[in-house]
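Me: I am new to this structure. Can you walk me through how to read it?

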Amino acid sequence: MTSPLPHRSATSTAPERQDEEELHQRRTAITALGHELRALVDAAVRTTAAPSTLNRVSDGVHRLTAQLIGHLRARAEVPEVDEFPGGVRMYSPVTGPGSPLAPPLRVTRLDRGATGTCVLGITHEGPPGYGHGGISAMLLDELMGWACATAGMPGMTVSLQMRYHRPVPLESPLRVLAHVTGTEGRKVYVTGSIATEEDLSTVLVTAEGVFVSPDPEHARALFPSLRSAPG
Ligand SMILES: CCCCC/C=C\C/C=C\C/C=C\C/C=C\CCCC(=O)SCCNC(=O)CCNC(=O)[C@H](O)C(C)(C)COP(=O)(O)OP(=O)(O)OC[C@H]1O[C@@H](n2cnc3c(N)ncnc32)[C@H](O)[C@@H]1OP(=O)(O)O
């Protein structure tokens, strides 16, 4: 599976097709809104417009927000458009096509690993012109989590050690990599790295992480809306 939009099955029965059609429409609309929100956020943090323009835009955005807040889901409720665990997360702050925070990272599963591509924008800036170190940690944490899932052990981060070797450029295609290096009981050891697509041999950031796959009872207590077994 790669984010953002999953494919529809060609072999479904009629009611399933209808459900799938509706799901596809909702995901498409969520993706379109996410795209516009990211453009808005990018323009908002980059603009040099006059205060009168900023005030006018604030009023407009306030009115638009009011159209959405009558339809909010409960905290911890898994969105109907998602597949949790181990699948589509439409609003993930890392991979979610519907999230204004997400670059979004496009993920491809590998054998006991994963690779992701994205472009960071000015919204993700730390030092002028470069990515924030916390954003690099976020990209790696997520992809290393996907690596655990591909190894059949979806887990939560208990330790993430970051090393920043070179600054990560903004507005430049990036390649993120993660691999499971070993397991010990419910613990999964994972490594990750970030490089630019232009120069894959120069590693900018590396990480080592430990993830723990909660036992089923603990997982159900943490995630009451867990619908299926992880894996
Ligand atoms: C089953 C459903 C799982 C769902 C997992 C969730 C997401 C994955 C879903 C899909 C995957 C797809 C994509 C990935 C998406 C996102 C990835 C982002 C990941 C995150 O953003 S996630 C948020 C930040 N994360 C936390 O919010 C964790 C807070 N934490 C806890 O909630 C508990 O920690 C828990 C429940 C994890 C384990 O609790 P527990 O009670 O089951 O485990 P326990 O304490 O017994 O430790 C067991 C063994 O881990 C060792 N150990 C413990 N801590 C250690 C440490 N710091 N360093 C080294 N080793 C450590 C112990 O020493 C022991 O080792 P030993 O067995 O050898 O004694």
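**Confidence first**

Me: Over which residues does pLDDT stay under 50?
Reply: Where pLDDT is low, predicted coordinates should not be read in detail. This is a predicted model. Here pLDDT stays under 50 over residues 1-12. For that stretch the model has 23 contacts beyond four places in sequence.

Me: What is the mean pLDDT of the protein chain?
Reply: The mean is 91. Of the chain's residues, 91% reach 70 or more. The model also scores ipTM 0.93 and pTM 0.91.

Me: Now the sheet. In what order do the strands lie?
Reply: Read a sheet strand by strand, from one side to the other. Six strands form an open sheet here, in the order 1-2-4-5-6-3. The pairing is antiparallel.

Me: Which strands stand at the edges?
Reply: Strand 1 (106-110) and strand 3 (156-164) do. Each has a single partner strand, so one side of each is left without a neighbour in the sheet. Neighbouring strands of this sheet are turned by 20° against each other on average, direction ignored.

Me: What packs on the sheet?
Reply: Helix 3 (residues 133-150) does. Helix 3 touches strand 1, strand 2, strand 3, strand 4, strand 5 (187-196) and strand 6 (205-212). Its direction makes about 50° with that of strand 4.

Me: How many bridges join strand 1 to strand 2?
Reply: Follow the bridges to see which residues face each other. Five bridges join these two antiparallel strands. Leu110 stands opposite Gly113 in strand 2. The hairpin of strand 1 and strand 2 has two residues between the strands, and Arg112 takes a positive phi near 50° there.

Me: And how many bridges pair strand 2 with strand 4?
Reply: Strand 2 (residues 113-118) and strand 4 (residues 174-184) pair over six bridges, in the antiparallel sense. Gly113 has His179 as its bridge partner in strand 4. Thr117 stands opposite Arg175 in strand 4.

Me: On to the ligand. How many residues surround it?
Reply: List the shell, then ask which elements supply it. There are 23 residues around the ligand. The closest are Pro85, Gly145, Val158, Ser159 and Ala219. The shell divides into 11 nonpolar, seven polar and five charged residues.

Me: Which element gives the most to that shell?
Reply: Helix 3 does, with five residues. Helix 3, strand 3, strand 6 and helix 4 (216-222) each supply at least two.

Me: Last, what does the UniProt annotation cover?
Reply: The unreviewed UniProt entry carries the annotation "domain: Thioesterase" for residues 129-199. Over residues 129-199 the chain is 25% helix and 42% strand. The end C-alpha atoms are 18 Å apart.

Conventions. Residues numbered from 1 in each chain as written. Predicted model: local features only at pLDDT ≥ 70, side-chain atom pairs only at ≥ 80, totals over all residues. UniProt positions renumbered as here; feature names shortened; annotations may be inferred. Helix = DSSP H or I, 4+ residues; strand = E, 2+ residues; numbered from the N terminus. pLDDT = per-residue confidence, 0-100. Contact = placed C-beta atoms within 7 Å. Pairing = 2+ DSSP bridges. Axes fitted to C-alpha atoms, helices over the stretch in contact; angles between N-to-C directions. Near = placed C-beta within 6 Å. Nonpolar A, V, L, I, M, F, W, Y, C, P; charged D, E, K, R; others polar.
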